[in-house]
Every structure is written in C-alpha cells, then in structure tokens.
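Dear colleague,

Please find the structure below, handed over for your records. My notes on it follow directly after.

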Amino acid sequence: MRYRHCLVLSLVYSVVHWSHIALSCVLLLQGWTPLSVRERAARGEIAALGTVLRTFKDQRTEDGTYTAEFRLDTVYKGHDLLSKVTRSVAPGNVYNISNFGNKTQCFADVEAGERYILFLTVYSGQLSAQYEDLFGAASDFDESDEEEVINYLGWNHWTPWSPCNAGCSGGQQIRRRTCSRANSSDCIGVEAEVRTCNLFSCEVSHDLLTLMRVRELPIGVTKSSNQSETYTISKQAKLSLPISQIYQKTFPPTFSLLTKVKVGHRRTRSYFFVISDVQGKQQVALFLGKNIKFQYLGNNYVFKMDIAENVWHSIALSVDATTVTLYADCHNVIRKRLRSREEFLGTNLMMSIGPYFSQYGGQFEGEVEQLVLSSDSEVAKSQCGLILLDQNAVNNFYEMKTPFQYTTAKPIVYGSQWSAWSACSATCGQGMQTRALFCQANIVSGDSCVPVSPLPTQTRICYFGSCQVCSPACENGGTCIHGICSCAHNYTGTYCQNRLCDAPCLHEGICTANGKCSCTISYTGTFCQYPVCNPPCQNGGSCVQPDVCSCPTEWTGPTCAEKKITCPKGCYNGGKCVAPNVCSCPVGFYGKRCQKVLCEPRCQNGGVCVSPELCICPQGYHGSRCQKVKCNVHCMNGGTCLPPNQCRCPPLFYGKLCQREVCRLICFNGGRCNNNRCTCPPGFEGKHCERRSCIFEQIQIPQRRTYRKVIQEEYTVPCDLRPYHTCRRTRLKYVLITKETYRTIYTCS
C-alpha cells in the first residue's frame, strides 16, 4: 500500500524534471481549489495542534524535504497511531516530523516558534507530513479552523485539567470531553486524556499552601465547591510566612516558583506572590494582569501573555545565573536574559500571597490550586509532563488505589518521627489521611526535638476508585454511599423524595410523626428557627445565637445588662477603650486614639515612622533611624557627598563632581581662562597670552565706497496759461555715487 502523503509529490514529478519543479507547482495551481481543514482532517490519519521548536532546513533529502521538531500541544485524531511512534530525545510531547519543504515545490513550509494544525501519517515508525492537497500538511493555527476540526470529529471542548493527584515526585491529572453527536460511537478520537504532572522531587520543594496554612482555611480562605484541593482567596485573607522558616540564611539566588491559579475580574488584578524586606520594598513579585510581570531586585521582566479571567493557568518561573524563564500553560516557553543583580536579597524577608505592604495595591482575589517554591531552577520545567496516549492510562487513573501526597514541604526534624498515616476518611472516591510528629527516646516536649515553627501534622489525599452511583440521583440534599441514598433531616424514601414535615426542621430539630418539629433546648419556634438565651437578653437586646445576645449601642455584657464605656471614634492599632473617649494604647503607639506610631529616637533626615521602631528612609539615607548618608558618586578634589548624590566642592573648584578648577590667571589679548589655563587667540602665546607669535606685514586692499548725492534734474510739463505749450522746470533728486579707494591692513605671517 502506498501512503497518501506521496500523492502530490508524484503528481509534481510527473509534470517536469526536478530543475523545473517550481514551474510545475505553479502550473498545478491553475484552477486549484484548496481543501478546507475539515476535509483534510477527514482524510488525514492523525490531526494535531503543534508548536515548531526548531527546523533542520540545512539537512535536506534528495527530494528537497526537511525534518522539523514539534511539541504536540493537542491531539485531535489518531491517538492510537501516535502511541506507537517514537518521541524525540527532548522532554515532553516532542516529535521529529519529516516531509516538509519549500512552497515552490508544493510542500508545507514551517517556521520555528509558530503554531500549526498538522495532518500527519506514520511512515517507518516515524511521523511524516501527509499531503491530501497542495501545501496541505500544515495550516497556520486559527481558532476558527480548530473549531471546524473539533466539530467534524464530533466533540465538545476539553474540560480543564483536573488537579494533579500528587504534589511532588510524580502524579497524574485527567481531562475529558463529551461527544456532541446522538451516537457516541460516531465521534472520532478519545473521550479522556491523562498526563503526568509535578515530576520534581519532594526533597527539593516546599508547598507554600501548607506552610502559609491556607489548607487550614483561615479568615478570607474557603474551599472551592467543585475541586477538593482548590482554595478561594478573598481580599480579607492575610497569608504570609517569614523566609527564615524555609531558608536559614537568605533567599536562594536560583529558584523555581510554580503555581496553578485562576484570577478573578480584571478590576481585581494585583500582585499574586511577593517577597518583601523590612523597609517595605518588594524584592521579588509576580503580577498577573494584562501581561505577566515578574519583578526581581528592582528589574521588571514583562512577558506578553494575557491572563484570562476565571480561567485556570499553570505558571512556572525559573531563575538561574543568566536567565529568567516562564513556562505558561505547559506549552508556552518564554526566556529573558537576567539583568545584572546582587546575589544577596537581604535578611528578615517576608513572603506573602498578595502585597505585604498596602502601597503596592489591593490584596489578591482568585482561586489557587498549587503554590510551590524550590531552590532548584530546574524544577519549573517539571510542572507538566507527558500526555499518556495509551488509553489504559485512563482506566488506571480511575482504578488507582495508592494514596497521593499533596504536601511537598518536608520539615527537618531532629530525634523525631512521624506516626503512621491514619485510615482514609472515605471508603470510595476521594478522602483524607493525617499523621502526627512525635519525639523519640521518650522525650515529652516536642520543642527539644523539632526545629523552629514545625508542622505538627501533615495531611494528604487518598483515593480508592469511583463510588457506586445512585440511580436515580439522591434528592433533597441526600448523599449517595455505596449506591444507597443517605437522606438529610426531614426527608425519607429510597431516593430521599419524601418530606416528613411541611417545612424542614432547623438546627437539628426532629420532625415527629405528627409533622411537627421537636426542637433542642437551644432553639424554639414552629421550625426551631429562633435561638434561646437563658438568662434572657435585657435592655432591648436580641438573642441571635443560643445564649448570645446582640446588644444596643450603649449596652454590653452577656445579657446586655452593663452600661458600655464608649469611644465613638474608636481606638486604633489594638488600643482598648478604658473610659469614655479614653484609649489605652499598646507599646509602640500613642495619641488620643492610638493613631500615631512611635519611633524613639525619631526618624531623621525626612524619614517616616511607619510602624513601631521602623523608619522608611528617603532616597540617599539609610540606617535604623535614617541617620546614615548613602552616596553613589565620587567627589573629586576633596569634595563632600551630600544626598541625594550631590557634591559640595571646596573653594576654587566647581562642577557636578568638583572636577573643574576656578581660574586664578589673568589672560591678555583676548585670551580666555579655562580650568586655570589661558586659551590664546591666533597670533598670541604665553601663559597669559602676553606674547605675539607672528610678524606683521602691511598690505593694501581695495574697497568701494557708496554714498548718496543731490543733483538738479530738468523735466517738461504743460504750461499753465498756454496749455498747448510746454514749460521747463527743475527738481532735486538723490543718486548713488560709487568710488573705489584703498585701505591698509596688517597680516600675521
């Protein structure tokens, strides 16, 4: 069987000899109508979306074709054929694809860095461009063309990739799509794909979501309802961690930062990850907005990639000795040369989700699934792995029974040991396991064997296959457990379809046989909707929770029985109202409402006290109280540097760096003093231009002199008394007279 990719080539060669191949392709184009991408996808054996990594145009076959190295980002058709093809030696879904060439020969010609929809076949165990049409093996990527291919194959769009089921040391994630046709067997391709993820070692990575206690759901953090390990972060969240809890000395000069994040509306765009110093300066910052902006030691690196709102993005940054590299959504790789920088970021650094200091904007709002930091710059490229084309990988993903760890940060312990993992909290589907840290050798206090700020417990996901499905589904909030519905309060029946009471009993009330709610002692009312306070609230207070009163403004206490001491304007910075309009301030604050910050001694040279004993210094000053002058210029001739970078010069010197000397010489004969030296005009010399430097000669040169002279001019007019006669008259007139004379000049020879 001859492969269809030879169709056009054999046609071309049948027209004219190789030397006239360009002319033959032009002849073939007469009356030619190109096939659409839909038709090429129907005829092709493999259809895929790929990015050209490099081409080998300098290494062509006798037919003029060359090979190109592609990274296949999406496979539309031909998964079974592609699984039998050998990949390139490069990591990822990288393949060498042959049979590209010049368009003058009717081949498809590709360029490095561009994306194409490819139509391929397998030839001798390798991928080859397939030509069902002139130039037809590759089409420039366009979203409308991709939509046309997907519609032909019969599929809806892929879902986003699921969370990786391991935070480190290699996991897997899955994505699915549904068939848009009435009969699912009519759809061409696969329903699900699995790829590897988080291939880096746990030993070299730190899970910042665990270290910042995001997984413990502090104020401003909630779990997303549709993903078990996805966290929604609001502007009320304050998530930070001292760098010293990870790195003993300072932040490493080479590192990787990995995250999977979904940003909210554009108006909430802000810095996502920040490392700040004690003076309020952001040393490392990642901004997600119209472009990805990475700030590192005063330099900004802008990557032109728009972060779409409410869409998951996988982002990994790598910083090594010479390069900053961005790996975006697993297939976009952008590199920028690292500008000159210091190796030392400083001490007392603080990392945070969102800006640590308010002057850099509002807090980050969005969803986060992963946030990992590593001192190994190679870790960033391991966030996304290979798409496993073998469909057995999909079946294995569902049947997998090995618990997967999501905590990547492993605390270093001395003389301690972890307990065994607890039993999984679920017998099917996804659950949780925990373990605790305890000391060896019968040591009672954990402080003696665990380093500073340890993690007392660890948590990980466990997965034991899919649970049995209840059909029809459980109603009214019922939960399916092993194929049987467990009903919520006040509901019964095989599928929880029957309600016992007209309205559900609230707050653990029980619906009795007569259809009425039997309430606990803490609630009352027809449906147990009203809390009970015992003793009752006084002075107009209302019971809002069991034994909790909401008091009017002027009353306080458990039952609103105590007159409140009020400070109407409030006490700031942790101050307490101890008498009417009197605040008791904590250490480091003062003022009537504790609104002023105390720095003692005071900040100098225009420094501003921003928190107790912390001054922010203006440009040119540093030190704990801004008492030290910082100059970056070198003043000459004994000059003194004053901020900001200005020189105060001694007498007889001037200039920006005191590099010029004031003239003390007297220059004669038109000489000019510059830097205490005389610059003489032509013809003079000497330290003061006091001597002539030439012999004068006397010469005569002509010159013209022009002046005005008054003369009388006669003219005729008709006579007054005898009009037919003419009379002579005279008038004065100015004329120009030119005379040529000679003048004497002297020349220097």
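**Findings**

C560 is placed in the loop between β37 (555-556) and β38 (562-563); strands here are DSSP runs of E with at least two residues, numbered from the N terminus. C560 has a positive phi of about 60° although it is not a glycine, and with a relative accessible area of 0% it is buried (buried means under 20% relative accessible area, exposed over 50%, partly exposed in between, with a 1.4 Å probe and protein chains only).

This is a predicted model, in which local features need pLDDT of at least 70, side-chain atom pairs count only at pLDDT 80 or more, and totals for chains, interfaces and linings use all residues. Residues are numbered from 1 along each chain as its sequence is written, and side-chain values use heavy atoms, with hydrogens and water left out.

**Backbone**

Most residues other than glycine have a negative phi, and most peptide bonds are trans. N198, which is not a glycine, has a positive phi of about 50°. N198 lies in the loop between β8 (192-197) and β9 (205-207) and is buried at 4% relative accessibility.

The peptide bond from N534 to P535 is cis, with omega near 5°, and P535 belongs to the loop between β34 (530-531) and β35 (542-545). Another cis peptide bond joins E600 and P601, with omega about 0°; P601 is in the loop between β42 (596-597) and β43 (608-611).

**Aromatic rings**

A search of the whole structure finds eleven aromatic pairs (rings of Phe, Tyr and Trp, the last by its six-membered ring, pair if their centres lie within 6.5 Å; planes under 30 degrees apart count as stacked, over 60 as edge-to-face and the rest as tilted). Among them, F251 and F255 form an edge-to-face pair, 4.8 Å centre to centre with 65° between the planes. F251 is buried at 1% relative accessible area, and F255 is buried at 2%. F294 and Y301 form a tilted pair, with 6.4 Å between centres and 35° between planes; both residues are buried. Ring pairs link Y247, F251, F255, F294, Y296 and Y301 into a cluster.

The charged end of R115 sits over the ring of F141, 5.1 Å from its centre (the criterion is NZ of Lys or CZ of Arg within 6 Å of the ring centre and within 35 degrees of the ring normal). R708 lies over the face of Y734, at 4.5 Å from the ring centre.

Yours sincerely

Notes. Helices (H or I, at least four residues) and strands (E, at least two) are DSSP runs, numbered from the N terminus.
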